Amino acid sequence: MKRIFIYAAAIAILAGASSCDSGFEDVNKNPVLATSVDPIYLFSNAEFSSAIATHNYQLQIVQQINTPYTGVVEGGNHNVVSDPNSNANFNSLYLQNGPVNLLTTVITQTKDNPARSNLYNMSRIWKAYVFMVLVDTYGDVPYFEAGKAFLEGINLPKYDDQKLIYDDILKELQEGTKALDAAKAIEGGDLFFKGNIAQWKKLGNSLLLRAAMRYSKIDVAKAKQYVAIAVDPANGGLQSSNADNALIAFNSTFNHPLANYFQGTERGNVYLGKAFIDFLKTTNDPRLRVIAVKYETPGNPLATAGAEDTAPANQDGMPYGYNESTITGAPGFPGKIGSAFKYSQINRRTVGKIDAPEFFITYSQTALLLAEAVQRGWATGNVKELYEAAVRAHMNQMATYDVLATVPAASQDAYLTANPFIPAKALEQINTQYWISSFLNGSEAWANFRRSGFPALPVNTYPGKDPSVKDFIKRLVYPVREKSVNEANYKEAVARMGPDELGTPVFWDK
């Protein structure tokens with residue numbers, strides 16, 4: 001009887017299934033689960049995730065940050081290959097929830113939607129920024145097929161010729177900036193400018209100027225052509241004050257990516273580079289007082305680090321070419337405090353704060369590039385005025401980190417009087433200041449150093465360096481994972497570009 005009852009119940013359920021089917025989806029729908037996402041949220045996340053911790057190569061190559069140690073912090077300090085550190089840009093920017101995928105999705109969703117045209121063109125501009133970082137770091141990278149795993153099922157994108165990528169970057173910046181329209185919908189979810197179109201046009205043109213100047217060594221005609229487009233007031237102009245800086249303002253909840261490096265377990269292992277400290281000391285730069293510090297107990301956290309010596313005369317930068325054992329024999333070795341060294345460290349109350357901002361493109365950088373373009377005869381203007389405005393802009397920018405980092409106007413005046421602009425040394429002065437203005441923006445500081453040749457840094461003579469490095473690292477190697485997972489496309493890129501080595505230059509660095 002039990003079996004008959006079960007069968008009867010089953011028949012009854014099946015018989016009523018057709019009447020229940022019509023409401024099945026409604027009954028089983030999660031009322032609080034989003035079924036679609038406004039693309040502005042993807043865009044703002046792309047902006048936020050563009051700030052990545054790239055300190056073990058870029059900042060060490062340009063000799064602003066240093067550590068003598070081997071192991072997990074090794075890379076640019078010893079001119080060696082370290083996959084966990086060299087893959088940071090690649091893995092972070094191509095991450096599933098990283099800017100490449102997010103921006104590609106936003107562009108796809110908004111391309112044919114006139115109501116979101118400003119978001120579409122803002123995404124084109126910011127995607128150009130992201131890929132400038134990738135090309136400047138690695139050379140050939142996936143571009144035209146990148147970010148399309150979900151959209152088109154392309155899981156192993158081919159690598160594209162870096163020259164073609166830059167050509168498209170120039171096109172996207174020019175077209176995207178021109179197409180921005182203040183009369184159309186304003187995207188208030190933008191983290192940089194809350195959708196302000198005038199500022200986005202300035203950002204697009206300033207980035208176009210940056211891209212154009214990358215050609216200064218290899219194609220003067222192209223550099224001049226795109227500089228002219230970037231500086232044309234009819235196109236919206238360039239960044240004109242620190243209010244136009246593109247930055248992410250971190251906070252106590254969302255910490256700066258370098259916060260753990262400066263404040264956490266590695267705090268006793270990171271120092272400021274000798275070349276950087278020496279230059280700021282030699283020129284009596286007022287920024288030194290707010291950037292550098294010697295802690296009484298450098299290995300301890302901020303609360304117990306003891307006395308803080310910020311006197312410029314007492315700062316010592318750590319020289320390159322040594323490891324944790326041989327550094328004790330370096331000229332002028334200042335000694336140790338416990339396991340830490342008595343070299344200057346980054347000030348954890350100012351530029352090393354957990355909520356320090358991340359600057360991507362600044363007025364100071366833009367004014368310096370324009371000053372160089374004018375010096376080269378590619379644009380009009382007053383080189384001296386642009387140079388001095390740029391120096392002041394970066395000094396004023398320091399206050400964005402903390403009120404303690406404010407550089408008084410009188411100190412700025414004294415610095416420019418003691419270190420006047422000299423036309424005969426224009427390119428050296430401009431690009432050395434660019435190095436300072438790009439402090440902690442390792443990717444850009446390194447790119448402009450390779451392009452301009454300034455500042456004149458001493459060669460890192462570490463005895464165990466990679467043999468492909470003749471003077472300075474020219475690019476970072478691809479992630480080891482790419483060699484096996486995306487093998488065919490990886491091999492094609494290497495065959496076209498040159499050896500996957502630290503000494504192989506990117507196309508604009510020839």
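Visitor: What follows α8?
Guide: Glycine 139 comes after α8, and its phi is positive, near 95°. This is a predicted model, where local features need pLDDT of at least 70, side-chain atom pairs count only at 80 or more, and totals for chains, interfaces and linings use all residues. Numbering runs from 1 along each chain, and side-chain values use heavy atoms, without hydrogens or water.

Visitor: Different topic. What volume does the largest pocket have?
Guide: About 800 Å³. A pocket is an open set of points on a 1 Å grid where a 1.4 Å probe fits, with protein on both sides within 12 Å along at least five of seven lines. The volume is the space filled by probe spheres on those points, joined across faces, edges and corners.

Visitor: Which residues lie nearest its centre?
Guide: Tyr94, Leu95, Gln96, Asn101 and Ala149, out of 28 lining residues (an atom within 4 Å of a point).

Visitor: And which elements give two or more residues to that lining?
Guide: α6 (88-93), α7 (99-110), α9 (149-152) and α21 (480-485). The most comes from α7, with four residues.

Visitor: How much space is in the second largest pocket?
Guide: About 370 Å³. It is lined by 16 residues, and Ile107, Lys111, Lys127, Lys148 and Glu172 are the closest to its centre.

Visitor: Which elements give two or more residues there?
Guide: α7, α8 (117-138) and α10 (162-179).
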